[in-house]
Amino acid sequence: MADVRAKPSVFAERFGVFAESLLTGVWIAVASLGVVTYPAAFAAGARHLRRRTGQTSGGLREFVGDFRAALPGGLLVGLAGWGAVAAAWVDVRAVRAGLPGGPLVGAVGLFAVIGLAVAGLRAAAVWAPGDRWRTLLAAAGRRTVLDPGGSFLLVGGAVLVVCSALLVAPLAVPVLGALAAAAVAVEERHRRRHD
């Protein structure tokens, strides 16, 4: 006799993806404890969520394997990201010091850091083993500019993570997975529009 299983309801399927994204946020947070490992952690988390939405099995073991594969180039991206944050901090200090042109430089610096963060999220959302981070970031930078709607969605997701951390710090951990899921959804939306 054939094994007949009932197809899960749309609600159950979507709630399952939501729950998986929250668990993935915990994995991303733990993998990001190395401070410069956050790009590799997001890449592994996004790949895990792509597997989940594609009805492909995978769990913590696959996440760890993806994290290790993304780590070599991801470390350089993580260092560059912290360098950009340091440059933005210098811009803020220039604004506070009252230097001529400080507010303009501060605004440009802030927008540049936001743009780089969005491009980094978009690159991590499409990462696969064997991909070069430089190539991914260049393409993600173009998509960041050419798809402002998707980019603003990711900025909103990042704001949600920050607000969660400010209100209830432990809540920011699972919300990282929701941000990775948003990045995957934005990239899928962009791909469907341009295929």
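**A bent helix, a buried arginine and a nonpolar core**

In this predicted model, helix α3 bends by about 60° at Leu71, and a proline, Pro72, follows within four residues. After α3 comes Gly98, which has a positive phi, near 80°.

Arg122 lies in helix α4, residues 102–126. Arg122 counts as buried because its relative accessible area is 0%, and the cut-off for a buried residue is under 20%. Its side chain reaches the backbone oxygen of Arg143 at 3.5 Å. Leaving aside residues up to four places away in sequence, Arg122 touches Ala140, Arg143, Thr144, Asp147, Gly150, Ser151, Leu154, Val186, Glu187 and His190.

The largest nonpolar core consists of 35 residues, and Ile28, Phe42 and Trp133 have the most contacts inside it. Two or more residues of this core come from each of α1 (10–31), α2 (38–53), α3, α4, α5 (133–146), α6 (148–167) and α7 (172–194). Helix α7 gives the largest share, 8 residues. For Phe42, the residues touched are Ile28, Leu121, Ala124, Leu176, Leu179 and Ala180, again not counting residues up to four places away in sequence.

Technical notes:
Residues numbered from 1 in each chain as written. Predicted model: local features only at pLDDT ≥ 70, side-chain atom pairs only at ≥ 80, totals over all residues. Heavy atoms only, no water. Bend = angle between axes of the 7 residues up to and from the residue. Buried < 20%, exposed > 50% of the residue type's maximum accessible area, 1.4 Å probe, protein only. Polar contact = N/O pair within 3.5 Å; in protein donor to acceptor, adjacent residues only side chain to side chain. Contact = heavy atoms within 4.5 Å. Core = buried A, V, L, I, M, F, W, Y, C linked by side-chain atoms within 4.5 Å.
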